[in-house]
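Please read the following with the sequence and the coordinates open side by side. The text moves from one chain to the contact between chains and then to a single residue.

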Amino acid sequence: MKEFLQTVIAYRYETAAMILFGIGFINLLLQKNLLRKVMAFNVMDSSVFLFLAAQGYIEGRIAPIIVNNDFSATTYINPIPSGLVLTGIVVSVSVSAFFLALILRLYKKYHTIEFDEIMTLAKKEAE
Amino acid sequence: MGAALSTGSALLFSEVSSAGGMLPWYQNIPFASIFLLMIAGIIMPLFRKGKRGFCLAMGVSLLVAALSAILLVKLSINGERFTYMMGHYPAPWGNEIAAGPLEALLALMFSLVEALSLLGGRKDAASDILEPKQSLFYLMMCELQAAMLALTYTNDIFTAYVFIEISTLAACSIVMARDTAKTIVATIRYLVISLLGSGLFLIGVVMLYCITGHLLIPQLGEKIAGLVATGTYTEPLTIVAGLLFIGVAIKCALFPFYAWLPFAHGGATTSSSAVLSGLVLKGYIILLVKLFYEVFTIELIRSLKVTNIMFVFGIAGMLVGSWRAIGEEHIKRMLAYSSVAQIGYVFMGIGLGTNLGVAAAFYQILVHAVTKPLLFISAGRLIRVQGHEKSLYRLRGSARNDPLAGVLFTLGALSMVGIPLLAGFVVKFSLASASLLNPNRMWIALIALAVSTVLNALYYVPAVIAVWTPSGFMQRKKQPPDWMFGVSGAVLGALVVFLGLGCIGVIGVIQNGLSLWL
């Protein structure tokens with residue numbers, strides 16, 4: 001138990017990231033409210049970014065911006081995960097924007113953002 | 001890292017100086033295809049008229065198809081597979097494209113089928129989509145095709161993730177192009193499911209990077225081979241393989257995750273349904289097979305039992321998809337359920353775990369990429385001549401109003417059932433012969449193939465009979481002939497027959513390409 005706790009504390013960012021990923025995933029799957037689905041999606045993606053950032057960080061090193069011509073590898077943290085996080089943020093922003101635009105369309109038509117109600121209304125319309 | 005970076009820049013320098021005359025011109029084709037499609041998408045909004053957008057999208061697709069054909073000929077003569085550096089950064093740092101005969105063949109098929117689907121569905125798109133939005137629809141089609149080509153060609157798993165998201169957004173946009181409340185509801189379902197899938201894929205990619213420190217497929221493969229040899233990181237690797245597999249399986253509608261597909265594909269406009277069912281699902285599968293072959297190696301995947309899961313879910317998909325199609329009255333939803341079954345065949349082939357099985361799966365990818373668009377555009381034409389009726393009951397007799405559409409629908413349906421001389425038969429035959437090599441799974445595979453063939457016949461044959469049976473729903477007024485549908489349907493029909501008769505050569509190219517992957 002003590003060892004387990006020590007591992008959790010040593011990898012606290014990764015642990016938190018995994019828990020957040022689970023929360024985001026389950027909510028994206030099960031939430032009925034569409035806005036909450038968007039938020040859950042953002043929690044899920046941000047947790048991945050947290051995981052990446054935590055993995056790329058090396059204790060005691062600085063951001064990979066070269067000053068004073070210091071090219072030694074031991075000065076800086078790993079820059080690649082930061083690059084991946086940036087790319088990932090761009091992707092998740094575009095997806096959120098698209099998702100919100102769709103929700104706006106549905107809200108204008110049905111005046112609700114509960115997906116269950118929208119489904120029943122859409123079914124009634126079809127009949 | 002800094003030392004690595006400085007050697008990197010030294011290498012970079014030598015690459016730039018040596019690349020001048022060295023690179024054979026045809027190696028630029030994969031990048032040029034993706035780039036042309038993206039540029040076409042960017043200039044698309046400048047066109048106000050949908051017709052011009054359509055012409056541009058068609059032109060670029062056909063151009064890319066022609067380029068891919070040249071690449072295919074060049075590569076299959078030499079039996080060559082090359083990697084192409086993006087931006088001249090050498091291997092462990094830069095981004096790469098890898099192309100061999102198999103990738104070129106898939107790119108050729110994708111571009112050709114995309115162009116034909118656009119052509120065959122043009123009349124429907126013109127009436128279904130508002131005029132000012134039409135060029136945006138063709139924009140999304142171009143981006144979707146670019147994303148699929150990128151998924152086929154890329155050698156970098158993070159690039160693959162980005163293009164998965166691009167293809168998700170583009171695919172959702174073409175589903176909602178009709179802009180009715182019903183299609184928006186279907187789009188939201190599709191989007192949510194897709195995001196769950198790509199979330200799992202993303203975390204899988206990130207974990208893989210954290211374990212190995214690489215993003216390029218060849219380097220990943222080497223590292224993982226080392227890890228397997230030393231027996232470290234076995235559990236994380238299992239989890240990563242599972243995450244990548246489930247992420248892709250959700251997005252390509254493998255058995256338990258298929259509920260979103262009929263609504264998304266059934267409600268969309270004709271070109272969208274044809275492209276979604278025929279092509280989009282395939283891009284993800286190709287990526288998955290590439291990851292499993294080149295990153296994990298097929299032996300590792302077999303020892304992790306992922307092939308068993310694929311085999312079981314593939315068979316379940318074959319049976320459940322067909323079963324649901326039998327009970328479906330809406331013709332386009334029936335075709336969509338049939339896609340679930342056809343994806344099942346692909347996964348069954350991969351799940352056999354032999355090279356012959358994977359070759360059969362790739363043949364099925366090509367065959368379905370041709371046959372399902374043929375069925376969707378001829379169904380779209382039948383629906384139009386019958387005055388926009390979509391249920392099979394009310395479509396009775398529609399083929400008599402447009403015999404060409406009826407004949408093409410019949411041809412596609414017979415191919416799906418597996419009548420000899422047509423493409424579907426070759427798939428079933430090669431899957432069956434591949435299963436003979438795996439004695440443990442032979443009986444299950446053969447029985448599943450037989451049952452699913454009967455199930456296919458149980459809904460395709462009644463559908464064919466229905467469209468030829470005269471009824472009171474037939475329109476008195478003759479519809480004007482549609483040469484665009486005629487041309488695209490005839491070419492797709494010819495391809496179905498070609499894939500049925502000329503299978504030896506195509507299977508040869510696939511096996512040649514697969515052997516270069518190993």
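This is a predicted model: local features need pLDDT of at least 70, side-chain atom pairs count only at pLDDT 80 or more; totals for chains, interfaces and linings use all residues.

Residues are numbered from 1 along each chain as its sequence is written, chains are lettered from A and ligands numbered from 1 in the order in which they are written, and side-chain values use heavy atoms, with hydrogens and water left out.

Chain A has five helices and zero strands, where helices are DSSP runs of H or I with at least four residues and strands are runs of E with at least two, numbered from the N terminus. Its C-alpha atoms fill a box of roughly 70 × 45 × 15 Å along the principal axes. The radius of gyration of chain A is 21 Å, whereas a compact globule of 127 residues would have one near 14 Å; the value is taken over C-alpha atoms, and the globule rule is 2.2 Å times the number of residues to the power 0.38. Of the 127 residues of chain A, 34% count as buried, that is, under 20% relative accessible area with a 1.4 Å probe, protein chains only.

Turning to the interface, 31 residues of chain B are in contact with 39 residues of chain A, contact meaning heavy atoms within 4.5 Å. Together the two chains bury about 3200 Å², 87% of it on carbon and sulfur atoms; buried area is the accessible area (1.4 Å probe) that two parts lose on being put together, summed over both. In chain B, the residues that lose the most area to chain A are B:Ile188, B:Leu196 and B:Tyr209, together 17% of what that side buries.

Which side chains meet in a salt bridge? They are those of A:Arg105 and B:Asp179, at 2.6 Å from N to O, and the rule finds one salt bridge across this interface, requiring a side-chain nitrogen of Lys or Arg within 4 Å of a carboxyl oxygen of Asp or Glu. On the side of chain B that touches chain A, helices H1 (2-22), H7 (157-175) and H8 (181-212) each supply at least two residues, and the largest share, 18 residues, comes from H8(B).

Finally, B:Ser272 lies in helix H12 (residues 270-296) of chain B. B:Ser272 is buried, with a relative accessible area of 0%, and, leaving aside residues up to four places away in sequence, B:Ser272 touches B:Phe137, B:Met141 and B:Ile174.

Technical notes:
Buried means under 20% relative accessible area, exposed over 50%, partly exposed in between (1.4 Å probe, protein chains only).
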